[in-house]
Amino acid sequence: MENSMRTIIAKDFNWEMGHRLPFHTGGCQNIHGHSYKLRVEIEGEPNEQGMVMDYFDMKAIVQPLVDRLDHCFLCDESDAVMRGFFEANPMNVCYVPFPTTAENIAVHLLGEMAPRFRQFPALKRLTVRVHETLRTYAEISIDL
C-alpha cells in the first residue's frame, strides 16, 4: 500500500499520583492527587505495511515512565516540608527538580521520551498531552 502522507497515531496511558504546589494560593498548595491521563501522539510516514509505529513499541517506551509515577507522590526537590515528611515517613516518592505543574510534567515526560522515539527514523514529531483532570491538560510538541 503506497502512502506518502504524514499520519498521526496516539496512545493513552493512565496513572494515579499525588503532589502539591507550595507556591499556590488557591488550594493546590495542599497535598492532593489526580487521575492523570497521558496522550502520546507521534507523526510520521507510514511504512510499507501502513504503520507509522507499532503500538507495542510505543508502549515499551512510555509505560515504564508511567509505572514509575503511578501511586507515587511527585515532589519538587525544593519542597523542604514534604522532603522532611518523606524522610521521616518512607513512602513512594519521586523527586523532580521542578514545580509539579501539568506543564512541567509534560515537559519532563517529553524530555524522557524524545531520545527513545528518535531511534525510529520515520517519526517526525512527538506530542505529549498530560491531563490533570477531565477538563484540563498541558501539551507540548517537538520535531524529532
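Is cysteine 28 buried, exposed or partly exposed? Cysteine 28 is partly exposed, at a relative accessible area of 26%; buried means under 20%, exposed over 50%, and partly exposed in between, with a 1.4 Å probe and protein chains only. Before going on, keep in mind that this is a predicted model, where local features need pLDDT of at least 70, side-chain atom pairs count only at pLDDT 80 or more, and totals for chains, interfaces and linings use all residues. Residues are numbered from 1 along each chain as its sequence is written, and side-chain values use heavy atoms, leaving out hydrogens and water.

Now for the sheet. Six strands make an open, mixed sheet, ordered S4-S3-S1-S2-S5-S6. Strands here are DSSP runs of E, at least two residues, and helices are runs of H or I, at least four, all numbered from the N terminus; two strands pair if DSSP finds at least two bridges between them. At the edges sit S4 (93–96) and S6 (137–143), each pairing on one side only. Look at S1 (residues 7–19) and S3 (residues 72–76): they pair parallel over two bridges, and glycine 18 stands opposite phenylalanine 73 in S3.

Helix H1 (residues 55–69) lies across S1, S2 (32–44), S3 and S4, with contact meaning heavy atoms within 4.5 Å. H1 runs at about 15 degrees to S1; axes are lines fitted to C-alpha atoms, for helices over the stretch in contact, and angles run from 0 to 180 degrees between N-to-C directions.

Back to the cysteines: there are zero disulfides, a disulfide being two cysteine sulfur atoms within 2.5 Å. For cysteine 28, the nearest cysteine sulfur, in cysteine 75, is 15 Å away.
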